[in-house]
Structures are given as structure tokens and as C-alpha cells.
Amino acid sequence: MNEMRKTPLTKKEINRLYIRYLLFGCPGVDAIYIQGKSWPWWLLPFFRLYYTADEVKENVVRHFTWYNTEPIAGSLIFGIVLGMEEEKAIYGNVDPETILAIKSGLMGPVAGIGDSLIQATLIPILITLTVAISGENGSIIGPLFYVIALLAIILPFGYVLYKNGYNLGKASLNFFSESGISDITKAIAVFGLIVVGCLSANRVSITTKLSFLSDGESVMLQDMIETIFPNLLSLLIIMFFYWLMKVKKVKMQNLFYITMVAVIILSLVGVV
């Protein structure tokens, strides 16, 4: 291990690494590694501070693995990994395989939370407000509002996750040995499922126009269903989609196209 430095990162250096993460969030995205090629680039300045040229190459290759998560929420993972890499570089008390295991184990649950909160909730809300502000005249105020509002929310949010992740990573030896990576990923996964469940209950809505005659009067099937079990159709749709993805292994993009075609056909025939 190189003796060129044995002191922790300064606040300025920590902030510079976060800016590097933001500005070069996905510089090497491809169909094989997804965001995996970005990690060596993000951590390269850090490795150069603590290692020799040959050791820098070894650490860069070590992080050249498959990786995919939501970038803003993923700031938490970058912070944790950075904190653990700092502990490894200074004290040598963190195993490299542990760092990679934590990085891989957290990206799925964090992606579920980030996609639900940011991609599926925040951005659609801001776009709706942008369209309303722009109006029929296409005012420039709408796009300006979107850019400013989005950056004002995601930048502080990502930075808070990054700093807390960094502090957690520095205390990783005791924390992860006591809690265990499996317990941590399970906890984040449960939270992600709660968020997705809440969004599903509020966002998924389906009604039917089907009706039938009862004692000579037309009765809407939807009204009867809502009386017996409110939002039953929405629940059945969610469970059906879960079955398709979990049991039948239908890919998300295929499910999207199937849903789009089904909605168009059912709307044309007057079912929904």
C-alpha cells in the first residue's frame, strides 16, 4: 500500500468527488455493463491520492463490474463505497470483496426506491406543472420552472444521501459486521416495496363501462364492484402484472407494450 497519504479526505475533496459523480453520472453506459464503466471514472481521483500507479490500475479493474441503479438515490451507494474505500486505503481493515458485495447488494433496492420517488412521482408531477404553467402560449417560464425546481430538489437530496452514505461507509467495519449486508439490503428492499405498494394503490386506476340489466334497469358493473370491494379491479391488475413478471418472467418492456395495446383495444370496444 502506498505511503503517499494516510489522512482522510478533506471536505473540499469529498465535494469534488460528488460533483464528479453528478457531471459524469453515466459516461460509459452500454448494453453489457450498463453504468459499470462509470465507477472507475468516479473513483479515479481518489485512487490517485492513496495508491501508486500500479495499485491504481488494480483498483480500477476491481470496480469494472456490472452496475445499474437510479442515479440520484444511487448517491447513497457511491458515498458508502467511497467511505469504505477510504478506510481500506488508510487502515487496510476493509476487504475489497466486501465493498463489491455491498455495492452490488444495494443497487437493486436503491433503484426501486429512486425510480418510485423520482422517476415515477417527482418528474411526472413537475412535468404536469410545467405544462400547466406554459399553457397554450408555450411560455418559457414553464421549462425554466421545471429545470430550476428539479435541480433544487434532486441536488440537495442526492448530496444528503451521499454524505450520509460516506459517513456510514467510514464506520462500515463495525456497522456491517454487526448488522450484516443481507439485513441491510432486506431492510432497504422492504422499504422499497412499501413505497412501490403505496404508489400502486394511488396511481393504478381502472374502471369498466360494462353493464347488465337487473329488473329492467341498467346496472353498471363498476358501481357494484366498488360497493362490494373498492378498487378491486386495480388490485387484480397489479396482482396480474406481478404474476406475469415473477412467474412468467415477462420483461418490463414487453409488459409495457402489451398493456398499451390492451388498453387501446379495450377502449375501442367500450370495455374500459
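W39 and W42 are three residues apart in helix α2 (residues 38–50), which means that about one helical turn separates them. These two tryptophans form an edge-to-face aromatic pair, with 5.2 Å from centre to centre and 70° between the planes. The structure is a predicted model. A search of the whole structure gives 18 aromatic pairs, and the count of salt bridges comes to two.

**Aromatic pairs and cluster**

- The pair of W39 and W42 counts as edge-to-face because the angle between its planes, 70°, falls in the class set at over 60 degrees.
- W39 has a relative accessibility of 0% and therefore counts as buried.
- W42, at 1% relative accessibility, also counts as buried, since the limit for that class is under 20%.
- Y159 and Y162 form another aromatic pair, a tilted one, with 6.4 Å from centre to centre and 45° between the planes.
- The class of the tyrosine pair follows from its angle of 45°, because edge-to-face requires over 60 degrees and stacked requires under 30.
- Y159 and Y162 are three residues apart in helix α6 (residues 141–170), so they too are separated by about one helical turn.
- The two tyrosines fall into separate accessibility classes: Y159 is partly exposed, with a relative accessible area of 26%, whereas Y162 is buried, with a relative accessible area of 0%.
- Both pairs belong to one aromatic cluster, formed by Y18, Y21, W39, W42, Y67, F78, Y159 and Y162.

**Charges over aromatic rings**

- K103 lies over the face of W39, at 4.8 Å from the ring centre.
- W39 thus has a lysine over its ring, and this tryptophan is also paired with W42.
- The charged end of R20 sits over the ring of W41, at 4.0 Å from the centre of that ring.

**Salt bridges**

- R5 and E13 meet through their side chains in a salt bridge, with an N to O distance of 2.9 Å.
- Both R5 and E13 are buried.
- R62 forms a salt bridge with E85, and the closest N and O atoms of this pair are 2.9 Å apart.

**Nonpolar surface patch**

- I125, L129, I133, I140, I141, L144, V147, I148, L151 and L155 make a nonpolar surface patch of about 890 Å².
- The elements that give two or more residues to this patch are α5 (96–134) and α6.
- Helix α6 gives the most to the nonpolar patch, with six residues.
- L144, one of the patch residues, lies in helix α6.
- At 47% relative accessibility, L144 counts as partly exposed; this value meets the patch criterion because the criterion requires over 30% relative accessible area.

**F64 in the loop between α3 and α4**

- F64 has its place in the loop between α3 (53–62) and α4 (75–91).
- At 35% relative accessibility, F64 counts as partly exposed.
- Apart from neighbours within four places in sequence, F64 is in contact with Y33, G36, K37 and P40.
- The C-alpha atoms of F64 and Q35 are separated by 9.7 Å, the two residues being 29 residues apart along the chain.

**S75 in helix α4**

- S75 is located in helix α4 and is buried, with a relative accessible area of 0%.
- With neighbours within four places in sequence left aside, S75 is in contact with Y18, Y21, G158, L161 and Y162.
- Among these contacts of S75 are Y18, Y21 and Y162, which are members of the aromatic cluster.
- The C-alpha atoms of S75 and Y162 are separated by 4.8 Å, although the residues are 87 residues apart along the chain.

**S234 in helix α10**

- S234 is found in helix α10 (residues 232–246).
- The relative accessible area of S234 is 7%, so this serine is buried.
- S234 touches V204, S205 and I206, when residues up to four places away in sequence are not counted.

Terms used. Residues are numbered from 1 along each chain as its sequence is written. This is a predicted model: local features need pLDDT of at least 70, side-chain atom pairs count only at pLDDT 80 or more; totals for chains, interfaces and linings use all residues. Side-chain values use heavy atoms; hydrogens and water are left out. Rings of Phe, Tyr and Trp (its six-membered ring) pair if their centres lie within 6.5 Å; planes under 30 degrees apart count as stacked, over 60 as edge-to-face and the rest as tilted. Helices (H or I, at least four residues) and strands (E, at least two) are DSSP runs, numbered from the N terminus. Buried means under 20% relative accessible area, exposed over 50%, partly exposed in between (1.4 Å probe, protein chains only). A charge sits over a ring if NZ of Lys or CZ of Arg is within 6 Å of the ring centre and within 35 degrees of the ring normal. Patches are made of residues with over 30% relative accessible area and no salt bridge: like charges are joined within 9 Å, nonpolar side chains (Val, Leu, Ile, Met, Phe, Trp, Tyr) within 5 Å. Accessible areas come from the Shrake-Rupley method with a 1.4 Å probe; for residues, only the protein chains shown count as cover. A salt bridge is a side-chain nitrogen of Lys or Arg within 4 Å of a carboxyl oxygen of Asp or Glu. Contact means heavy atoms within 4.5 Å.
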